Amino acid sequence: MSRIRIKAGKNIYQIIKDGGFNFNSISTYFGPAVGPRWLVASGFDLTLLKGRLLGRSQPVQLIGASAGAFRFAAWLQPEALKSYNKLLDAYINVIYSREDTPATALKKLTGIVNEYLEDDALSFALANKKYRLVVITARARGLVALDNPWLQKTALITCFVFNYFSRENIYKFADRVVFYNASKPPAFCLQPQFRGSCVQLNEINFKYAIMASGAIPLVIEGVRDIYGAPRGVYRDGGLIDYNLTHQFAVKENEIVLFFHHQERIIPGWLDKKLKSRIPEPYTLNNVLMVFPSQSFVENLPGGKVPDRTDFVTFINDQEKRINNWRKAVELSAPLGEEFLELVESGKIRDVVEKL
């Protein structure tokens with residue numbers, strides 16, 4: 001039984017059905033803000049990295065928030081495979097306790113980032129010819145920017161209520177700030193519907209942008225006053241862009257590759273409980289989404305994809321959580337190979353579904 005399912009937006013679906021899929025058509029690889037769920041993407045990522053399948057004819061945008069940004073920052077490093085595996089080890093082995101505060105959680109996140117991103121390698125990463133990193137963050141506004149947990153929680157509850165009526169209300173509480181590694185901002189930032197600001201990545205702000213993108217509200221302290229960016233407190237980019245919320249393709253035949261942990265696509269972090277909240281249709285036109293099948297998920301430890309609740313569930317048995325997560329990574333290793341086999345055999349035409 002297949003471990004993965006594949007769905008394609010209307011611009012890409014027919015191309016694949018006609019046998020026209022080509023890795024050189026992939027202009028963007030998108031990584032969502034999904035916390036520990038990204039671990040099931042590791043096998044897919046490593047297959048693409050080892051095979052040097054992306055960026056062969058043109059630079060590919062690696063766009064992500066939170067976990068997506070963590071993953072893709074490793075891709076730019078001089079020894080990308082080594083860096084990625086260091087990230088896996090550091091992320092899985094970090095220990096959180098009941099005594100942790102947002103401040104200590106930020107220190108542990110900083111430790112993870114420093115473990116797999118070497119300062120001496122940042123200049124090489126920024127000069128990478130194959131990949132262009134794009135990191136999405138949220139600059140908090142009003143009470144959302146405060147460290148006081150009760151005031152911050154009150155602000156987020158208010159934000160949830162406002163967001164219930166319209167997703168546009170999120171901008172009353174946070175501004176989108178996109179950090180990019182290129183000579184000019186990504187094309188999606190130049191579209192009329194884009195709301196936010198853009199900041200160029202450099203050796204000084206690189207790590208801070210990565211950390212800010214994963215600074216979960218109430219859980220991890222925000223990152224303050226990032227160099228070159230508007231002053232303020234920066235939090236998890238998933239607050240605004242949790243999964244897929246932009247049309248990243250420029251041309252009609254460009255492919256936006258998207259490995260997700262589930263079938264449902266959720267626009268913002270506060271939309272998780274709003275079943276009717278879905279991405280704007282135009283954002284999916286060029287998307288090729290790959291995600292684990294239900295049968296695959298059922299065979300993972302606990303019958304589920306790793307998530308943040310595991311930190312609480314196994315707070316008194318960290319070794320069990322670590323072993324479960326390592327097993328999930330091990331079981332996810334063949335997902336990329338299965339996708340590659342479908343592409344090389346042409347069978348992707350038979351299994352692709354409409355998104």
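Reply: Start with a definition: a salt bridge is a side-chain nitrogen of Lys or Arg within 4 Å of a carboxyl oxygen of Asp or Glu. The model is predicted, and it holds 21 salt bridges.

Me: What makes Glu-263 and Lys-7 a salt bridge?

Reply: Their side chains meet at 2.5 Å, N to O. The cut-off is within 4 Å, so the pair qualifies.

Me: Which parts of the chain does that pair tie together?

Reply: Glu-263 sits in the loop between strand E9 (255-259) and strand E10 (287-292), and Lys-7 is in strand E1 (residues 4-8). The pair therefore ties together parts 256 residues apart in sequence.

Me: Are these two residues buried, partly exposed or exposed?

Reply: Buried means under 20% relative accessible area, and exposed means over 50%. Lys-7 has 13%, so Lys-7 counts as buried. Glu-263 has 38%, so Glu-263 is partly exposed.

Me: How do you know that Asp-100 pairs with Lys-108 in a salt bridge?

Reply: Their closest N and O atoms are 2.8 Å apart. The limit is 4 Å, so the label holds. Asp-100 has a relative accessible area of 22%, and Lys-108 has 26%.

Me: What makes Arg-195 and Glu-168 a salt bridge, and where do they lie?

Reply: Their side chains meet at 2.9 Å, N to O. Arg-195 is in the loop between strand E5 (174-180) and strand E6 (197-200). Glu-168 is in the loop between helix H7 (149-165) and E5. The two are 27 residues apart, and the pair links distant parts of the chain.

Me: Why are both called partly exposed?

Reply: Arg-195 is at 39% relative accessibility, and Glu-168 is at 45%. Partly exposed runs between the two limits, 20% and 50%, so both get the label.

Me: Why is helix H2 called largely enclosed?

Reply: H2 covers residues 42-50, and eight of its nine residues are buried, so the rest of the structure largely encloses H2. The buried ones are Ser-42, Gly-43, Phe-44, Asp-45, Leu-46, Thr-47, Leu-48 and Leu-49.

Me: What follows H2?

Reply: Arg-52 follows H2, with a positive phi near 50°.

How values were computed: Residues are numbered from 1 along each chain as its sequence is written. This is a predicted model: local features need pLDDT of at least 70, side-chain atom pairs count only at pLDDT 80 or more; totals for chains, interfaces and linings use all residues. Side-chain values use heavy atoms; hydrogens and water are left out. Buried means under 20% relative accessible area, exposed over 50%, partly exposed in between (1.4 Å probe, protein chains only). Helices (H or I, at least four residues) and strands (E, at least two) are DSSP runs, numbered from the N terminus.
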